[in-house]
Amino acid sequence: MKPRVLIVEDEPGIADTLQYALRTEGFEPAWCATGEEALVRIGSEAPALVILDVGLPDASGFEVFKRIRATSDVPVVFLTARSDEIDRVVGLELGADDYVAKPFSPRELVARVRSILRRSAKAAATAAPRSEKPAASSVSVAPPLAVDEGRMQIRYYGRPLELSRYEFHLLKALAARPGHVFSRDALLERVWGNDTESMDRTVDAHVKTLRAKMKAIAPNDEPIRTHRGSGYALAEDLPAVPTPAARPD
Ligand code: CA
């Protein structure tokens, strides 16, 4: 069965090019031009992946993405046209699976689609047996972090971090060996698999969002250390309770 890919794009020229490229590569493309229609069709057609333009006539792609995530885990690739949009997606504050900047090469986009679908198939295959285990048996602790595999949740100083899938796996990898310096390549391989489309910048962007989320809980601690030229490590010397702010006298 051909994987169905829903294109949400208001420019017919771009949608046509994409549909052609996807069809040629063995996918079954579908197209709609508004966020509203996209939400309806994701519900009724259950596409394997969604390509979502950020600039839509009825709503921003970011807003549509949030509404998709309220009901569905379908992988989403953003199409972005402006650099400020790219910043927002690369920051992955939204937890999208990938993005492609306009103008893009249809071949490159189709390659990304293929690699994301391969990844999500792999994740589904490994998630199945894990869900049969009781969640309590899969909690590992690297204070002040506690990684709960079953729930795909990580607590930091007792408070749950709201993490995207990649942020979760990235922090889990770092927490498995506090103090160990992981190279960007090693993290790419562990967290993203051997996808050649992933880049060092992907790791950096996710570390940045992870730090921001951890800072919201403990503003004065630096849990993820940068080792220039080598990579990242989880700090071994984090305090048992968050460091209080130094008060000016
Ligand atoms: Ca547009």
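These legends walk through several close-up views of one predicted model.

The model is predicted, so local features are given at pLDDT of at least 70 and side-chain atom pairs at pLDDT 80 or more, while totals for chains, interfaces and linings use all residues. Residues are numbered from 1 along each chain as its sequence is written, and side-chain values use heavy atoms, with hydrogens and water left out.

**View 1. The whole chain, before we zoom in.**
The protein chain has eight helices and 11 strands. Both are DSSP runs numbered from the N terminus: helices are H or I with at least four residues, strands are E with at least two. Of the 249 residues, 44% are buried. Here buried means under 20% relative accessible area, exposed means over 50%, and partly exposed is in between (1.4 Å probe, protein chains only). Contacts are heavy atoms within 4.5 Å. Among the contacts with a separation of 6 or more, 55% are between residues 24 or more positions apart.

**View 2. Y166 and W192, a stacked pair of rings.**
Rings of Phe, Tyr and Trp (its six-membered ring) count as a pair if their centres lie within 6.5 Å; planes under 30 degrees apart are stacked, over 60 edge-to-face, and the rest tilted. That rule gives four aromatic pairs. One of them is Y166 with W192, stacked at 5.4 Å centre to centre with 25 degrees between the planes. This pair ties together distant parts of the chain: Y166 belongs to helix α6 (residues 165-176) and W192 to helix α7 (residues 184-192), 26 residues apart. Elsewhere, F62, F65 and F78 form one aromatic cluster.

Which residues of α7 are buried? They are L187, L188, V191 and W192. Looking down the axis of α7, these buried residues fall within an arc of 105 degrees, so they line one face of the helix. The arc is taken from the directions running from the helix axis to the C-beta atoms. A handy bit of background: an α-helix has 3.6 residues a turn, so residues three or four places apart point the same way. On the other side of α7 you'll find D185, E189 and R190, which are exposed. Just after the helix, G193 takes a positive phi of about 80 degrees.

α6 and helix α8 (residues 200-215) pack at an angle of about 85 degrees, with axes 10 Å apart. That makes α6 roughly perpendicular to α8. Y166, E167, L170 and L171 are the α6 side of this contact, and the α8 side includes V203, H206, V207 and L210. α7 packs on α8 as well, at about 80 degrees with axes 9 Å apart, which makes α7 roughly perpendicular to α8. In that contact, R184, D185, L187, L188 and W192 of α7 meet D200, T202, V203, D204 and H206 of α8. The axes are lines fitted to C-alpha atoms, for helices over the stretch in contact, and angles run from 0 to 180 degrees between N-to-C directions. Under 35 degrees is roughly parallel, over 145 roughly antiparallel, 65 to 115 roughly perpendicular, and the rest oblique.

**View 3. Helix α2 and the loop residue A46.**
The buried residues of α2 are G35, A38, L39, R41 and I42. They pack against β1 (4-8), β2 (28-32), β3 and α3 (61-69). A46 sits in the loop between α2 (35-45) and β3 (49-53). Although A46 is not a glycine, its phi is positive, about 45 degrees. For context, most residues other than glycine have a negative phi. A46 is exposed, with a relative accessible area of 60%.

Y157 lies in the loop between β8 (153-156) and β9 (159-161). Its phi is positive, near 50 degrees, in a residue other than glycine. Y157 counts as buried, at 15% relative accessibility. P160 is in strand β9 and counts as partly exposed at 42%. Leaving aside residues up to four places away in sequence, P160 touches Q153, I154, R155 and I217.
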